[in-house]
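Dear colleague,

Please find the structure below. The notes that follow it set out what was found.

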Amino acid sequence: LVSDNPKQNSQIPVFIRILDINDHAPEFAKYYETFVCEHAKAGQLIQTVSAVDKDEPPRGHKFFFELVPEFAVQPNFSIVDNKGN
């Protein structure tokens with residue numbers, strides 16, 4: 001609340017030290033070793049992957065995956081987001 005009376009106003013600097021930025025980088029939920037059969041059909045599900053982040057809050061992180069731009073021009077693979085990290 002700001003007062004019109006200068007004698008009732010004061011200012012003080014406040015320094016904030018951030019203690020927890022991002023201690024743990026996101027990582028895959030497990031080790032994935034994926035194989036594609038030479039007879040795989042177009043649109044066939046090859047692998048489902050998920051990620052985790054050990055930072056707080058435990059269930060508050062959202063992840064998305066995308067193909068790097070170099071491979072998105074003529075993709076042999078596609079990514080579908082199942083909204084489950």
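Serine 50 counts as partly exposed because its relative accessibility is 23%; buried means under 20% relative accessible area, exposed over 50%, and partly exposed in between, with a 1.4 Å probe and protein chains only. Its place is in the loop between S1 and S2. Helices (H or I, at least four residues) and strands (E, at least two) are DSSP runs, numbered from the N terminus. The C-alpha atoms of serine 50 and glutamate 27 are separated by 8.6 Å, although these residues are 23 positions apart along the chain.

Please keep in mind that this is a predicted model, in which local features need pLDDT of at least 70 and side-chain atom pairs count only at pLDDT 80 or more, while totals for chains, interfaces and linings use all residues. Residues are numbered from 1 along each chain as its sequence is written, and side-chain values use heavy atoms, with hydrogens and water left out.

Overall picture

The protein has one helix and two strands, and along the sequence they follow the pattern β-β-α. Of its 85 residues, 7% count as buried. The accessible surface comes to about 8,800 Å², and carbon and sulfur atoms hold 56% of that surface; such areas come from the Shrake-Rupley method with a 1.4 Å probe, and for residues only the protein chains shown count as cover. Among contacts (heavy atoms within 4.5 Å) with a separation of 6 or more, 38% join residues 24 or more positions apart.

The salt bridge

How many salt bridges does the count come to? The count comes to one, where a salt bridge is a side-chain nitrogen of Lys or Arg within 4 Å of a carboxyl oxygen of Asp or Glu. The partners are glutamate 27 and lysine 54, whose side chains meet at 3.8 Å, N to O. Glutamate 27 lies in strand S1 and lysine 54 in the loop between S2 and H1, so the pair ties together parts that are 27 residues apart in sequence. Glutamate 27 is partly exposed, at 39% relative accessible area, whereas lysine 54 is exposed, at 56%.

A buried aspartate

Aspartate 53 belongs to the loop between strand S2 (51-52) and helix H1 (69-72). A polar atom of the aspartate 53 side chain lies 2.9 Å from the backbone nitrogen of aspartate 55. Leaving aside residues up to four places away in sequence, aspartate 53 touches Asn22, His24, Pro26, His61 and Phe63.

The surface

Phe28, Val36, Val49, Phe65, Leu67, Phe77 and Ile79 make a nonpolar surface patch of about 590 Å². Patches are made of residues with over 30% relative accessible area and no salt bridge; like charges are joined within 9 Å, and nonpolar side chains (Val, Leu, Ile, Met, Phe, Trp, Tyr) within 5 Å. One of the patch residues, phenylalanine 65, is in the loop between S2 and H1 and is partly exposed, at 33% relative accessibility.

Glutamate 33, in the loop between strand S1 (27-28) and S2, is exposed at 52%. Its C-alpha atom is separated by 9.1 Å from that of glutamine 47, 14 residues apart along the chain. Lysine 83 lies in the segment after H1 and is exposed, with a relative accessible area of 72%. The C-alpha atoms of lysine 83 and lysine 62 are separated by 8.7 Å, with the two residues 21 apart along the chain.

With kind regards

How values were computed
Polar contact = N/O pair within 3.5 Å; in protein donor to acceptor, adjacent residues only side chain to side chain.
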